[in-house]
Amino acid sequence: MRGDMCSKLAVAVWSGIFSSVAELEQYVSDYAGGDDITEGRYDGEGEEIGRSSFAEQFDLPYIDSDFMEIHFIESNEAIDDFRAYFCEEYMADKEAAAKLWESLKESIVINAGIILIQGHTSDYGEANTFLWKFSKESCASMTAGVKLCDLLYRCN
């Protein structure tokens, strides 16, 4: 890697209230057919004919689903489990994870659906670099129930 470049990491966390895990799953994949929760459906000509409500709401391009997770919080125990996972396993930087959790914890409630997406650039390639264009402020005016809770940028 050249000296003037660095690998970048973005972690975006969206949260909204859902009645069930099925409703959350539908929100991220509510087109007919397909196994990948992040891609749209295509016709015989290769034209996209449907994307998930999540992708539409935030005008997201293709999402590399290897770096996307969804979680449904159905109890106080699930809140504790998610906090432990997020702070101890999801992010390698424990200090950054703890700070990010502090900004998220008010949004992690019973019936919350959580969508986690990591974006990165590195010597091995890049994924989900569209996250660089987001900020909490740019998404604050959206009227639908799911909001971007926080976004962490890190340049290593």
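**Strand β5 and its surroundings**

Strands β4 (residues 68-72) and β5 (residues 112-122) pair in the antiparallel sense over five bridges, where two strands count as paired if DSSP finds at least two bridges between them. This is a predicted model, in which local features need pLDDT of at least 70 and side-chain atom pairs count only at pLDDT 80 or more, while totals for chains, interfaces and linings use all residues. Residues are numbered from 1 along each chain as its sequence is written, and side-chain values use heavy atoms, with hydrogens and water left out. The strands (E, at least two residues) and helices (H or I, at least four residues) named here are DSSP runs, numbered from the N terminus.

Because 10 of the 11 residues of β5 are buried, the strand is largely enclosed by the rest of the structure; buried means under 20% relative accessible area, exposed means over 50%, and partly exposed lies in between (1.4 Å probe, protein chains only). Gln-118 in β5 is buried, with a relative accessible area of 19%. Leaving aside neighbours within four places in sequence, Gln-118 is in contact (heavy atoms within 4.5 Å) with Leu-9, Ala-10, Val-11, Phe-67, Tyr-90, Ala-127, Asn-128 and Leu-131.

Helix α4 (residues 94-104) has as its buried residues Ala-96, Ala-97, Leu-100, Trp-101 and Leu-104. Seen down the axis of α4, these residues fall within an arc of 135 degrees, so they line one face of the helix; the arc is that of the directions from the helix axis to the C-beta atoms. An α-helix has 3.6 residues a turn, so residues three or four places apart point the same way. On the other side of α4, Glu-95 and Lys-99 are exposed. At the start of the helix, a side-chain oxygen of Asp-93 reaches to within 3.1 Å of the backbone nitrogen of Glu-95.

Tyr-62, finally, is found in the loop between α2 (53-57) and β4, where this residue is partly exposed, with a relative accessible area of 49%. The C-alpha atoms of Tyr-62 and Arg-51 are separated by 9.6 Å, the two residues being 11 residues apart along the chain.

Note on methods
Polar contact = N/O pair within 3.5 Å; in protein donor to acceptor, adjacent residues only side chain to side chain.
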